[in-house]
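Q: Could you take me on a close look at one part of this structure, and then show me how it connects to what lies around it? I am new to this, so please go step by step.

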Amino acid sequence: DGGKRPDYLAGLNPEQTEAVETLEGPVLVLAGAGTGKTRVLTTRIAHILNTGRAFPSQILAVTFTNKAAREMKERIALLVGGAVEGMPWLGTFHSIGVKLLRRHGELVGLRSDFTILDTDDVVRLIKQIIQAEGLDDKRWPAKQFAGMIDTWKNKGLGPADIPEGDARAFANGRGRDLYFAYQARLTTLNACDFGDLLMHPIAIFRKNPDLLKEYHGRFRYILVDEYQDTNTAQYMWLRLLAQRPKGEPQNVCCVGDDDQSIYGWRGAEVDNILRFEKDFPGAKVIKLERNYRSTEHILGAAAHLIAHNEGRLGKTLFTDRSDPDDVKVQVHASWDSEEEARAIGEEIEQLQRGKHLLNDMAILVRASFQMREFEDRFVTLGLNYRVIGGPRFYERLEIRDAMAYFRLVAQASDDLAFERIVNTPKRGLGDTTVRALHDYARARDIPMLAAAADIIETDELKPKARKALFDVIQSFRRWQELLENTPHTELAEQILEESGYTDMWKNDKSAEAPGRLENLKELIRSMESFESMRGFLEHVSLVMDAETNENLDAVSIMTLHSAKGLEFDTVFLPGWEEGLFPHQRSLDESGRAGLEEERRLAYVGITRAKHRCHIWFVSNRRIHGLWQSTLPSRFLDELPETHVEVAEMEQSYGGYGRGGYGQSRFDKAEPFANSYSTPGWKRAQANKTDATRDNWGTRSGHAVERIGYGESGPKGRTIEGE
Ligand code: ATP
Ligand code: MG
């Protein structure tokens, strides 16, 4: 090297520099949030390129999302002065897998133009296979089996590898045969599923040592970000590619943080971190302890919280970034989620008046149904927002379906709505029927629903379809009659029940189904603040029309899971209540694992913030369609007094007699009424004291004091349905 040190190395601290410059041999960077792990990876690539150690095509770099890959590419280009002509092997495990398969798919029987099936395709295919085997697909749901296959593939298990017990678990021991049949069918179709994007390359490399050797020669440097969330299959893939003959260095650099492992539910194995030193002998383990992202308060709050987890490697984190103007992490209480959205909206507007960019603010939710309230509020306020990592609330499949029902009830000539739901849920009204209806309607220039009413009087349709259509028409007639005089939320619920739509998701065994049901409940709830069904439908079309221009200054809304690796000046964390966060599912589980993963998620959330972190909890939330008086999250209790402050309640709890809500809904709120003038947080707490103590068992003394328990609470309450 000799000459002047390149600029990109100048700003790094000694440990970071070591991680960038140790190019030979395995390196594991194990460090907390915001310590510059991603920056180290980026700089390392720049350094490899800049010193001429490898061409861009000789570097294999894995990121967790496609977005992260794009950003990394841009940064590298900046660091080396824009001379990078592409980095073909920089991407997610899946995108790299696709690339390998396009080249070598023939080795597992795929042509290079193979298709990648999405979840729906997969389920449809499995259902065919289950039926073809003469099995009852009601008893043995395709979705469930799709989930099992996915789990096996995450573990790197092909049909021949699945353990006896697992193979017996489905269809009276025929799980293994079905899995074989499924893979065979995929090959016939020249298709693969997501798991195959990892499994096939593994199989190819194992069976073709010469080819593997070729790739060993090609990939001089291998780098992996967010290493704590790799699953077993990814780990196997990585080890294969990193193999080298004895004496040759394995130039693998993985960076991760065990405290940010949040995809255990999807098969990620945090133990991969612990295995690294064993599997890559001579590995240099580098710790970064200085955080460059967050203020001392934010970091202090996060560190104290995560210290409540037992299964962790443990690490120190410090920051030099303390400024007398730094604000503590703020905890706010609101009456309900509408109030919460209103308060956060106001906070954002205030920051905006202080010349802060919306681009620098994010709302991170635990469950995607929480987004709806914010989207609605922001549309009302005219605040730009974007939803990251998923569709906006009203664009989701189940919401669109439900809306199609409502639209058709309100407007019988809405043919698009009709076509969408006529056979959803399945009623045996397939393409043939729809085409017949279409032709009939077009020939007479009438809406399809009207055409349906006519056509059942003829013998154009088969008796079964005619009967099914008759039922649909009857239902819509009934709902249309109810439209004027039934409260619209009630009607909406009735429509979803009677149409079988809710049941469709209740019977669905897929991982997404519970979330979809939550969203449907949220949809009904969102109607409450409107006078009528029509008013609501109008509102939604406005929301749908809201701009989502990439270049717009806009608040980001996303789940905590998709916020990994990102940073924002101001972060809002709403919904810190027991049952929502930590999520009920983790509380129902036996053992600590689920709860600890929730806590890591909370840690990820707080550590996204650079300057300001606002945490919210509400006293009442509608969960699973029921108003519940909620308990503040145990995680609030685990925040340290020194870095956290309970915000003054600027908001009044204006919720009581507010239009649109019936008084009865708030029966449970009675005890609050007496203390209407006490600050919100305390009032909320006072009400909960007994119950929370009972439920939580042990807790640290100082946290209890800080939060202001001990106020004499009326009666203890617990979450309904517990
Ligand atoms: P996470 O665990 O959240 O993924 P990380 O460890 O990957 O965090 P980075 O995102 O790489 O951390 O860095 C956090 C922030 O600190 C970034 O804004 C980055 O530019 C900045 N940073 C990192 N190292 C330095 C440094 N040596 N000097 C100045 N800023 C730095
Ligand atoms: Mg990172």
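This is a predicted model: local features need pLDDT of at least 70, side-chain atom pairs count only at pLDDT 80 or more; totals for chains, interfaces and linings use all residues.

A: Let's start with K37, which counts as buried because it has 26 C-beta neighbours inside 10 Å, and a residue needs 20 or more to be called buried. K37 sits in helix α3, which runs over residues 37-50. If we set aside residues within four places in sequence, K37 is in contact with V29, A31, V255 and L288.

Where does G32 lie? G32 is in the loop between β1 (27-31) and α3. G32 is buried too, because 25 other C-beta atoms are found within 10 Å. Once residues up to four places away in sequence are left out, G32 touches D257, D259, N291, K315 and L317.

Both of these residues also turn up in a record. The unreviewed UniProt entry lists A31, G32, A33, G34, T35, G36, K37 and T38 under "binding site". The model holds a ligand as well, and 19 residues surround ligand 1. Among these, the closest are G36, K37, T38, R39 and Y292. Helix α3 gives the largest share of this shell, with three residues. By type, the shell divides into four nonpolar, ten polar and five charged residues.

L317 lies in the loop between α14 (296-306) and β9 (329-336). Its 21 C-beta neighbours inside 10 Å are why L317 counts as buried. Apart from neighbours within four places in sequence, L317 is in contact with G32, E289, N291, L299 and A303. Notice that N291 is on the contact list of L317 and also on that of G32. D259 is another residue that G32 touches; the C-alpha atoms of L317 and D259 are separated by 12 Å, although the two residues are 58 places apart along the chain.

Helix α2 (residues 14-21) leads back to the same part of the model. Which of its residues are buried? They are Q16, A19 and V20. These three cover an arc of only 100° around the axis, which puts them on the same side of α2. The cover over the buried residues of α2 includes α1 (7-10), β1, α3 and β8 (284-288).

For a comparison, look at helix α19 (residues 431-444). At 1.5 Å a residue, its 14 residues should span 20 Å, and the end C-alpha atoms are 20 Å apart, which agrees. T433, L437 and A441 are buried in α19. They cover an arc of only 60° around the axis, which means that they are on the same side of α19. An α-helix has 3.6 residues a turn, so residues three or four places apart point the same way. On the other side of α19, the exposed residues are D431, T432, R435, R442 and A443. What covers the buried side includes α20 (448-455) and α21 (463-482).

The loops at the two ends of α19 have details of their own. In the loop between α18 (415-421) and α19 you find P425, and the peptide bond from T424 to P425 is cis, with omega near -5°. Another cis peptide bond joins F581 and P582, with omega about 5°; P582 is in the loop between β13 (568-573) and α26 (584-588). On the other end, D445 is in the loop between α19 and α20. D445 is not a glycine, yet its phi is positive, near 55°. With 7 C-beta neighbours inside 10 Å, D445 counts as exposed, because 12 or fewer is the limit for that label. K355 also has a positive phi, about 70°, without being a glycine, and its 6 C-beta neighbours inside 10 Å are why K355 counts as exposed.

Finally, step back to the whole chain. The chain has 31 helices and 16 strands, and buried residues make up 43% of its 722 residues. Of the contacts with a separation of 6 or more, 78% are between residues 24 or more positions apart.

Definitions and conventions
Residues are numbered from 1 along each chain as its sequence is written. Chains are lettered from A and ligands numbered from 1 in the order in which they are written. Helices (H or I, at least four residues) and strands (E, at least two) are DSSP runs, numbered from the N terminus. The expected span of a helix is 1.5 Å times one less than its number of residues. The arc is that of the directions from the helix axis to the C-beta atoms. Two residues are in contact if their C-beta atoms, placed from the backbone, lie within 7 Å. UniProt positions are given in the numbering used here, feature names are shortened, and annotations may be inferred rather than shown by experiment. A residue is near a molecule or strand if its C-beta atom, placed from the backbone, lies within 6 Å of it. Ala, Val, Leu, Ile, Met, Phe, Trp, Tyr, Cys and Pro count as nonpolar, Asp, Glu, Lys and Arg as charged, and the others, Gly among them, as polar.
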